[in-house]
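Thanks for coming, everyone. Let me put the sequence and the model up on the screen.

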Amino acid sequence: MISGRLIKLVVFELLEFAAFSVPTLVIMEQFATAYQRTRNIAEKTHYWLIVSCSIAYVACVTLLIWVPVKVLLHKKHHLRKKMKGWRPVMMMCVVLTTLPSFSFSIAVTEVQKNGIANTLPDTLPDLSVSLVLTCLIVVDIIEKLRIYPLRGSKKSGEERHIHPTTLQQITTVTEQVRQTEENPSTRQADRRTELSRNGETTTQNQTTVLVRLEEPSFHSGILKTMSQHDVRAEIFLWSFLQWSDTIEMVRVAGHPAVYKSGWVYPVYIFSFISLLRIIFTPRNPLLNSLGILLQDIPFIFVRLSLIIVLGTITPVLGLCKNVLVTLSYVYFTHLIKLRVFSTFELS
């Protein structure tokens with residue numbers, strides 16, 4: 001009987017391969033169609049030549065890079081342990097699929113602009129861009145789901161509510177025995193001194209420490225059903241929310257004022273640079289700084305320039321988000337360590 005682990009492996013690999021190969025084939029077919037229209041020739045020799053080249057590219061990349069790397073990662077488990085901080089599967093998708101797809105998306109508009117007749121549509125179709133980003137996010141979700149079982153319950157709060165304990169808080173059995181053997185009068189005196197010290201510290205801390213609001217907990221009824229959550233479902237949610245800013249930036253390239261001018265190049269280039277963060281593991285400590293350097297700071301200049309030159313074709317909310325995220329990161333990570341900002345701390 002086939003095991004569930006084998007079925008999970010086969011399904012995941014087929015989905016990843018589909019997400020790896022389909023975007024390139026679809027966008028290359030759009031490029032071939034656009035090129036054929038600009039030629040005004042009845043025969044489709046150029047169309048089938050471009051389509052066959054795209055199929056040959058996907059086949060060569062799959063046989064020479066994708067399959068060997070997958071086999072090595074599946075057979076040689078020690079190689080996966082040595083790869084700390086980055087994911088080779090995501091690197092292959094970004095370099096071999098996303099980069100050619102973005103390049104030929106720009107080539108489609110350039111071919112239509114430089115053709116015999118200007119055949120640029122009023123708005124670019126959103127299918128190609130959405131397909132590329134969706135396939136990349138799907139591969140990211142699959143890579144995150146590999147460590148979790150697909151059956152059974154796994155609450156996301158199991159790891160969050162683990163309170164760390166220090167070695168000073170742990171009392172061994174021998175220490176407890178020694179404390180019981182001591183004089184009870186000395187133990188009572190020690191307890192009184194500890195209580196008095198704790199009372200003094202609590203009175204001092206009451207003036208400075210703000211009390212956190214307690215979150216409600218539901219144990220029965222429909223509210224308990226509504227409050228249930230699972231870490232595997234949250235992977236889907238946060239994977240799409242994490243790249244919502246990049247998705248919005250890429251969709252700006254579909255505006256006529258952008259793709260009919262040279263602004264389409266910085267939009268696609270900086271969107272691709274922001275996608276490089278997906279190569280790193282989800283818990284890599286460098287992700288916060290890389291998010292500022294590769295996404296927020298470049299997007300500030302791109303969005304501000306677009307608003308100044310072309311008007312509010314990009315949401316002002318996105319610009320505010322990039323500015324606030326960058327300023328908060330710089331302040332709470334670096335500036336707050338300076339004496340000027342730590343002296344006047346109020347809470």
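Predicted model: local features only at pLDDT ≥ 70, side-chain atom pairs only at ≥ 80, totals over all residues.

Now the overall picture. The chain has 16 helices and zero strands. It runs to 347 residues, and 31% of them are buried.

Next, a helix pair. Look at α2, residues 45-75, and α4, residues 88-113. Their axes lie 11 Å apart, and the packing angle is about 170°. Anything over 145 degrees counts as roughly antiparallel, so that is how α2 and α4 run relative to each other. Who meets whom? From α2 come Tyr57, Val61, Ile65, Trp66, Val69, Lys70 and Leu73. From α4 come Pro88, Val89, Met92, Cys93, Leu96 and Pro100. Sorted by class, this α2 and α4 contact has twelve nonpolar residues, one charged and no polar.

Stay on α4 for a moment. Ser101 sits in this helix. Is Ser101 buried or exposed? Buried, because its relative accessible area is 1%, and the cut-off is under 20%. Set aside the neighbours within four places in sequence, and Ser101 contacts Pro23, Thr24, Ile27 and Val132.

Start with α10, residues 231-242. This helix has twelve residues. From first C-alpha to last, α10 reaches 16 Å, close to the 16 Å expected. Its buried residues include Val231, Arg232, Glu234, Ile235 and Ser239. Why do they fall on the same side of α10? Because they cover an arc of only 145° around the axis.

On to α13. Its twelve residues should span 16 Å at 1.5 Å a residue, and the end C-alpha atoms are 17 Å apart, which agrees. In α13, the buried residues are Val264, Val267, Tyr268, Ser271, Phe272, Ser274 and Leu275. These cover an arc of only 160° around the axis, so they too lie on the same side of α13. What covers them? The list includes α4, α5, α11, α12 and α14.

Last, two positions around α13. Ser261 is in the loop between α12, 256-259, and α13, 264-275. Ser261 is partly exposed, because its relative accessible area is 22%. In sequence, Ser261 and Glu110 are 151 residues apart. In space, their C-alpha atoms are 9.9 Å apart.

Then Gly291, in helix α14. This glycine is buried, with a relative accessible area of 9%. Which residues does Gly291 contact, leaving aside neighbours within four places in sequence? Arg277 and Asp296. Gly291 also pairs up with Ser274: 17 residues apart in sequence, 7.5 Å apart in space, C-alpha to C-alpha. Ser274 is one of the buried residues of α13.

Note on methods:
Residues numbered from 1 in each chain as written. Heavy atoms only, no water. Axes fitted to C-alpha atoms, helices over the stretch in contact; angles between N-to-C directions. Helix = DSSP H or I, 4+ residues; strand = E, 2+ residues; numbered from the N terminus. Parallel < 35°, antiparallel > 145°, perpendicular 65-115°, else oblique. Contact = heavy atoms within 4.5 Å. Nonpolar A, V, L, I, M, F, W, Y, C, P; charged D, E, K, R; others polar. Expected span 1.5 Å × (residues − 1). Buried < 20%, exposed > 50% of the residue type's maximum accessible area, 1.4 Å probe, protein only. Arc of directions from axis to C-beta.
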